[in-house]
Amino acid sequence: MASSSSNEASKGNEELKLDTNPRTVTKATEILAPLPSDAVEKNLDNVLEAVKTVDQTCDFKRCKQKTNMMGSNCGFCKQRFCFKHGLPEVHGCGEAVKRQEREEFMHPLPAKTVQAKEDLKKAQSRLDQKLKQMSLGRKAKPSGGGPSGSKKKGKS
């Protein structure tokens, strides 16, 4: 009995071995899916390091090029690729690009609509800046005043 409990304790203290080989693992979800949540919590540093390693490699099949310094994110499939596979036509998003470009060509937005969208963005940014300035300029309420301070004003 005592030996089985010591084996369980040693299993709990063991470090988690995670596969970060780019040939077998292409996404961080492939690392995390088979793991129970308590194992992830116990070995969070190892899991985060493994996910970071996997996320810094090209998502193209059989490519293990690092993308932490130089890489591009695809706007269609939301994956990260090295510059060799960064073009949508190379990694498989060519049809999506073709569809979008055809849509923009066949149904272009009027200049008035484009200008209105730009004006709306500018107005929103000005509003955000103004609200930020106002919140910074707002004075904090006095902590000792409370309801008794308002009664004194009423009697005077």
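A search of the whole structure finds 1 salt bridge. The model is a predicted one. The partners in this salt bridge are Lys98 and Glu95, whose closest N and O atoms are 3.7 Å apart. Side chains of opposite charge can pair when their charged atoms come close. Lys98 and Glu95 both belong to helix α6 (residues 94–106), where they are 3 residues apart and therefore separated by about one helical turn. Lys98 is partly exposed, its relative accessible area being 42%.

### Overall architecture

Read from the N terminus, the elements follow the order α-α-α-α-β-β-α-α-α-α. The chain counts 156 residues, of which 19% are buried. It exposes about 13100 Å², and carbon and sulfur atoms supply 56% of that area. Of the contacts between residues at least 6 apart in sequence, 30% join residues at least 24 apart.

How many disulfides does the structure hold? The number is 0. A disulfide is a covalent bond between the sulfur atoms of two cysteines. The cut-off applied to a pair of cysteine sulfur atoms is 2.5 Å. For Cys74, the closest cysteine sulfur is that of Cys77, and because the separation is 3.6 Å, the two are too far apart for a bond. Cys93 is likewise in no disulfide; its nearest cysteine sulfur also belongs to Cys77, at 3.7 Å. Cys77 is thus the nearest cysteine, by sulfur position, to both Cys74 and Cys93.

### Accessibility of the residues discussed

| Residue | Relative accessible area | Class |
|---|---|---|
| Cys74 | 7% | buried |
| His85 | 9% | buried |
| Cys93 | 10% | buried |
| Lys98 | 42% | partly exposed |

Where in the chain does His85 lie? His85 is placed in the loop between β2 (80–81) and α5 (88–91). Although it is a loop residue, His85 is buried, with a relative accessible area of 9%. Which residues are in contact with His85, leaving aside its neighbours within four places in sequence? They are Cys58, Phe60, Cys63, Val90 and His91. Among them, Val90 and His91 have numbers that fall within the span of α5 (88–91).

How values were computed
Residues numbered from 1 in each chain as written. Predicted model: local features only at pLDDT ≥ 70, side-chain atom pairs only at ≥ 80, totals over all residues. Heavy atoms only, no water. Buried < 20%, exposed > 50% of the residue type's maximum accessible area, 1.4 Å probe, protein only. Helix = DSSP H or I, 4+ residues; strand = E, 2+ residues; numbered from the N terminus. Contact = heavy atoms within 4.5 Å. Areas by Shrake-Rupley, 256 points an atom, 1.4 Å probe, with all protein chains shown as cover. Salt bridge = Lys/Arg side-chain N within 4 Å of Asp/Glu carboxyl O.
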